[in-house]
Amino acid sequence: MRKKIVAGNWKMNKTAQEAFVLATEVAELVKSSVSADVQVIMSTPALYLTGVNQVIEGIPNLAVAAQNCHEKASGAYTGEISAPMLASAGVQYVILGHSERRQYFAETNEQLAAKTDAALANGLTPLFCCGESLETREGADFLGHVTQQLTESLFHLSAEEFSKVVIAYEPIWAIGTGLTASSDQAQEMHAYLRAHIAKKYGQSVADSISILYGGSCNAKNAKELFACPDVDGGLIGGASLVAADFITIATSY
Ligand code: PGA
């Protein structure tokens with residue numbers, strides 16, 4: 001059975017004090033309300049990862065994720081954080097290839113391949129994001145565009161390495177817009193990605209990979225999205241900033 005995962009992406013939000021309050025509320029609600037077979041993740045600004053890790057200590061199905069890492073292990077890269085640094089600070093997950101990183105920081109499929117290698121080499125689980133713009137969605141081959149992101153950034157991995165990756169499909173037109181992909185649109189893409197993975201790595205690897213949906217997923221629509229056979233959870237932006245909403249999503253299976 002595939003792992004169910006609900007990951008909150010805080011992006012560049014919350015002061016240190018607010019982050020502590022939100023993490024504490026989420027921790028309490030995960031303990032009291034979320035099924036043990038759902039992995040809940042908070043992707044906080046890097047500055048708060050170790051503090052939030054202390055808040056959530058001892059809760060087996062709650063973890064933190066970084067929002068990015070550099071592909072090099074160390075060196076003269078002012079402002080950057082490497083995978084070994086994250087791992088040594090007790091971080092288990094890292095979001096890679098979020099569309100905002102691709103758009104505002106010009107991250108390419110090739111660079112994301114290197115970041116994925118760095119994450120896996122240091123025992124971090126990549127939450128690898130893919131997705132198409134509105135322009136691409138309205139064009140001929142939006143399915144091919146997204147599978148190409150996977151092919152170019154991930155398909156150099158061995159089957160064993162690939163099995164450790166979590167995929168997040170996030171249509172860019174749905175991120176922060178209030179426009180959600182319909183459950184039919186989400187299911188179509190998730191099934192297509194899984195079939196693409198099966199062609200490369202075989203059906204059993206494809207069946208074991210969690211594919212999350214992201215893009216205006218909220219407390220109201222999560223149940224319908226998570227009911228799709230190939231949607232294994234969500235990557236949640238705006239709705240992860242309110243503990244009650246986030247936990248409603250994590251209990252929407
Ligand atoms: P959103 O963001 O839920 O606010 O649309 C999702 C994401 O960017 O991961």
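The lining of the largest pocket draws most on α4, which contributes three residues; helices (H or I, at least four residues) and strands (E, at least two) are here DSSP runs numbered from the N terminus. This pocket is an open set of points on a 1 Å grid over the protein atoms alone, with protein on both sides within 12 Å along at least five of seven lines, and lining residues have an atom within 4 Å of a point. The model is a predicted one, in which local features need pLDDT of at least 70 and side-chain atom pairs count only at pLDDT 80 or more, whereas totals for chains, interfaces and linings use all residues. Residues are numbered from 1 along each chain as its sequence is written, and side-chain values use heavy atoms, with hydrogens and water left out.

The largest pocket holds about 560 Å³ of space, a volume being the space filled by probe spheres set on the points, which are joined across faces, edges and corners. Of its 20 lining residues, Met12, Gln67, Asn68, Arg101 and Phe105 lie nearest the centre. The second largest pocket, with about 250 Å³ of space, is likewise lined by 20 residues, and those nearest its centre are Lys11, Gly176, Ser216, Gly237 and Gly238.

A cavity, defined as a set of points where a 1.4 Å probe fits but cannot get out, occurs once at 30 Å³ or more. About 40 Å³ of space lies in the largest cavity, whose lining consists of Gly97, Ser99, Arg102, Cys129, Cys130, Gly131, Glu170, Ile172 and Ile175. The elements that give two or more residues to this lining are α4 (99–104) and β5.

Leucine 124, in the loop between α5 (109–121) and β5 (125–130), has a relative accessible area of 2% and is therefore buried, the term denoting under 20% relative accessible area with a 1.4 Å probe and protein chains only. Beyond its neighbours within four places in sequence, leucine 124 is in contact (heavy atoms within 4.5 Å) with Ala83, Leu86, Ala87, Val91, Gln92, Tyr93, Val94 and Ala119. The C-alpha atoms of leucine 124 and valine 94 are 6.6 Å apart, although 30 residues separate the two in sequence.

For helix α9 (residues 183–201), the 19 residues should span 27 Å at 1.5 Å a residue, and the end C-alpha atoms agree with this because they are 26 Å apart; the expected span is 1.5 Å times one less than the number of residues. Buried positions in α9 include Met189, Leu193, Ile197 and Tyr201. Just after α9, glycine 202 adopts a positive phi of about 95°.

Key. Buried < 20%, exposed > 50% of the residue type's maximum accessible area, 1.4 Å probe, protein only.
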